[in-house]
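I opened this notebook to record what I looked up, entry by entry. The sequence and the structure come before my notes.

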Amino acid sequence: MPNNPYLPQVATVLEVIAETPDIKSFRLRLDDEAAHAALRFEPGQAGQLSLFGAGEATFAISSPPSRKEYLQFSVLRAGEVTTALHGLMPGDKVGVRAPLGNHFPYDDMKGKDIILVGGGIGMAPLRPLLLFMLDNRDDYGKISLLYGARSPGDLAYMGEIREWMARGDLSVTLTIDREVPEWPHEVGLVPQALDKLSPSPANAVAITCGPPGMIKYVLQTLKKLKFADGQIYTTLEKRMKCGVGICGRCNIGDKYVCIDGPVFTQAQLTGMLNEL
Amino acid sequence: MDAKFISRGQLPEWLRSLAARFAVLAPARAGSSVIYRPVDPEAPPRQPELAVKPTESAKRALFPLSEALLTFVKNQPDGKPGLELRETPPPRPCLVFGLPSCDARGFLVFDPVYAGSGTAGKFQDNYYLRRREQAVLIVKTCPRPLSTCFCNWVGGGPASTEGADVLATELKDGLVLEALTGKGARVLDSALLRPAADEQLTAAAQSRAASEAAMPPPVDISGCARALRGKFDSAGFWQGHSAGCLSCGACTCLCPTCYCFDLSDEERGSRGVRLRSWDSCMLPLFTQETGGHNPRAAKAARLRNRISHKFSFYPDLHPSLPGQDGHIACCGCGRCIRSCPSAVDIRRIVTEALGTAAEGAE
């Protein structure tokens, strides 16, 4: 990050991937080649993406540090800035302030069974962690991914997910909210699918990200499955502006999600004030 | 350090002479309010308004209501996509004349946040820090407290010199100006000022003592950080105190220590600016997420955050001396009480949280 934390680095859109009707992934490269080469980030960290004129918004970095040629953000079209971002084409210029915040402590997870639980756009911060773990496969035990969305068309990264399903060293479960003809996978909400999968908490960690309602019930399910608070990681979403702990809006008590998070263990969240 | 005297008649001329070197702000009447106005060296000399405490705080001197952090140009001359970003050049050094001590102490709350200390981020905001480093603050001793003043509850006082470069004290025919810093001494180096006589210094000291004596004794609010943490989940407590709140944001706007901001873009054609503007945690959109969720949708949650931030979260992040409570992010100016359309009283909230309301304000 440059000396001025508000000054984005100029980047060019290399590729736009339409993941779902309302999620697009943007692969970017910083125009300053030396800055791009020097870019260091970790799975779970976030960045601020600017489309000047429309504004700036915060997104999880959805590409892993082990894939250096681009920086990827997956954007759900929901408000003004995200709608403007969805109009980006390859060659367009954006501003990037990244990386921001903390990351998933993948070193602490070594040797453990990994259960990733994602919902909708919540798959975006989990993707770099999963890819990082697959790139360092021997460091981890059993890896399971449970991913759900409203309908089959709302599942992001499907091209990749099909490849993951074909691999023998990763177990993938997909679920959709309501039944559709010829859907070969699970039907039902993510917490229900998790309950059905019933992963063992023995030497395991669970990492979850998704809409607030999903997270709430996933946490309840994990508790029921006897996961301890220290075995559960989540990454929080808050409205952010500065991203550097100054502008004052993403706090939970004296913690700022932009710099103290976005990754927290359930044990940390339990010790924090109740204002999610 | 130097002590000078300036007659009331020469004061406007001195301020005009300072305006050649600084962007000078001085209190001026604007209808029924007193606000900080730029001193125009070209305009006829005007006496600053010193009889009434300014309605607003002086924070705009170092934290403008709205400022361009960056300018951008989007398209190259050939029409291809481009993006050129430029940082706004540093502004002129600023001098504030006649701010009350609470306003100067307010900047002590900004300092660590904008210097990135006390948090995990360690990011420095040089837009603020540059202004801060160059600014000269001429604090004026408060002649008498208003019923809403409580600076002595939070470590201040009517003649506190914390954060100030010069302390000015009014006498009948002019002001005694005492330099507190090197920057302060340099602005007192003017042919319009003469050395203060011993009797003027004595009169100024007496005036300050009288101001201190006029303050009602402070209420002890030690332990407020903990007490407010204990009240966090008391929905009734916060609903009760916020019942009248109109979510107008007057409190945060007038507050010398409220430092939250928004970032937004304005453009015309392919050029524009990225603005940093004051924002308010009392407004519902402050924390409204695009996905629909809002962690502080209720005004009770917003008031809870504002008060807890000042008296609990901030002191926890910015401890003062070992064994003592941290730095309270309130300077006791009382403007939020005075200007609240529905009489929300920050003192009452803190004392009730502490269980000492009976001896608290009113």
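The entries below concern a sheet, a chain contact and a nonpolar core in a predicted model.

**Entry 1: the sheet.** I looked up the strand order in chain B and found an open sheet of 8 strands, 3-2-6-7-8-9-1-10, with mixed pairing. I then asked why one side of strand 3 and of strand 10 of chain B is left without a neighbour in the sheet. Strand 3 (33–38) and strand 10 (194–195) stand at the edges and each has a single partner strand, so one side of each has no neighbour there. I also noted helix 1 (residues 11–18) of chain B, which packs on the sheet and touches strand 1 (3–7), strand 2 (23–30), strand 6 (94–99) and strand 9. The direction of helix 1 makes about 140° with that of strand 2 of chain B.

**Entry 2: one strand pair.** Strand 8 (residues 166–170) and strand 9 (residues 174–179) of chain B run antiparallel and are joined by 5 bridges. Within this pair I located B:Glu170 opposite B:Leu175.

**Entry 3: the chain contact.** I recorded 41 residues from chain B and 41 residues from chain A in the contact. On the side of chain B, strand 11 gives the largest share, 6 residues. By class, that side has 21 nonpolar, 11 polar and 9 charged residues.

**Entry 4: the core.** The largest nonpolar core has 175 residues, and B:Leu95 and B:Val96 touch the most other members. Helix 9 of chain B supplies the largest share of this core, 8 residues. Domain 1 (9–100) and domain 2 (113–235) of chain A both contribute residues, so the core lies between them. Among the residues that B:Leu95 touches I listed B:Leu18, B:Phe22 and B:Val187.

Note on methods:
Residues are numbered from 1 along each chain as its sequence is written. Chains are lettered from A and ligands numbered from 1 in the order in which they are written. This is a predicted model: local features need pLDDT of at least 70, side-chain atom pairs count only at pLDDT 80 or more; totals for chains, interfaces and linings use all residues. Two strands pair if DSSP finds at least two bridges between them. Helices (H or I, at least four residues) and strands (E, at least two) are DSSP runs, numbered from the N terminus. Two residues are in contact if their C-beta atoms, placed from the backbone, lie within 7 Å. Axes are lines fitted to C-alpha atoms, for helices over the stretch in contact, and angles run from 0 to 180 degrees between N-to-C directions. Ala, Val, Leu, Ile, Met, Phe, Trp, Tyr, Cys and Pro count as nonpolar, Asp, Glu, Lys and Arg as charged, and the others, Gly among them, as polar. A nonpolar core is a set of buried Ala, Val, Leu, Ile, Met, Phe, Trp, Tyr and Cys residues joined through C-beta atoms within 7 Å. A residue is buried if 20 or more other C-beta atoms lie within 10 Å of its own, exposed if 12 or fewer, and partly exposed in between; C-beta atoms are placed from the backbone. Domain bounds come from an automatic or database domain assignment. Lists of a residue's contacts leave out its neighbours within four places in sequence.
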